[in-house]
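Subject: Structure handover

Hello,

Here is the structure for your files. My notes follow below it.

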Amino acid sequence: MALLARFLQLLRFLEESLAFLDFLATPLGQIASLGILIYGGLVVVGSDASTAATLAGSVALGLSCLLTRPRF
């Protein structure tokens, strides 16, 4: 019975992981992941946190404007 409970937990985890991957496929998920990656890269390179957050936010905002612009 314990083995079945563990297997069900694994299936729930896989289902939640797929839902998260579906979110990352949306434009909002792509913008968020790019912003986090740029922020992490800038911090690793040696930039302070506030500068890295400002630059990553600016890039993410620009990408957001490009991906979600209205079509007239």
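Is arginine 69 buried, partly exposed or exposed? Arginine 69 counts as partly exposed, because its relative accessibility is 45%. Please keep in mind that this is a predicted model.

**Segment after α3**

Arginine 69 sits in the segment after α3.

Leucine 28 is 40 residues from threonine 68 in sequence. In space, the C-alpha to C-alpha distance between leucine 28 and threonine 68 is 8.8 Å.

**Packing of α2 and α3**

Two packed helices are described by the angle between their axes and the distance between the axes. For helix α2 (residues 27-45) and helix α3 (residues 49-67), the angle is about 155°. Their axes are 8 Å apart. An angle over 145 degrees counts as roughly antiparallel, and α2 and α3 are therefore roughly antiparallel to each other. Their crossing is right-handed.

Which residues make the contact?

- From α2: Pro27, Gln30, Ile31, Leu34, Gly35, Ile38, Tyr39, Leu42 and Val43.
- From α3: Ala49, Ala52, Ala53, Leu55, Ala56, Val59, Ala60, Leu63, Ser64 and Leu67.

By class, the contact of α2 with α3 has 16 nonpolar residues, three polar and no charged.

Serine 33 belongs to helix α2. With a relative accessible area of 28%, serine 33 is partly exposed. Serine 33 and alanine 60 are 27 residues apart in sequence. Their C-alpha atoms are 9.0 Å apart in space.

**Aromatic pair**

How many aromatic pairs are there? The count comes to one. The pair is phenylalanine 20 with phenylalanine 23. Their ring centres are 6.5 Å apart. The ring planes lie at 35°, so the pair is tilted. For reference, planes under 30 degrees apart would count as stacked and those over 60 as edge-to-face.

Both phenylalanines are in helix α1 (residues 2-24). Phenylalanine 20 and phenylalanine 23 are three residues apart there, so about one helical turn separates them. Phenylalanine 23 has 35% relative accessibility, so phenylalanine 23 counts as partly exposed.

Best regards

Definitions and conventions. Residues numbered from 1 in each chain as written. Predicted model: local features only at pLDDT ≥ 70, side-chain atom pairs only at ≥ 80, totals over all residues. Heavy atoms only, no water. Axes fitted to C-alpha atoms, helices over the stretch in contact; angles between N-to-C directions. Helix = DSSP H or I, 4+ residues; strand = E, 2+ residues; numbered from the N terminus. Parallel < 35°, antiparallel > 145°, perpendicular 65-115°, else oblique. Left-handed = near helix turned anticlockwise from the far one by under 90°. Contact = heavy atoms within 4.5 Å. Nonpolar A, V, L, I, M, F, W, Y, C, P; charged D, E, K, R; others polar. Phe/Tyr/Trp six-rings, centres within 6.5 Å; stacked < 30°, edge-to-face > 60°. Buried < 20%, exposed > 50% of the residue type's maximum accessible area, 1.4 Å probe, protein only.
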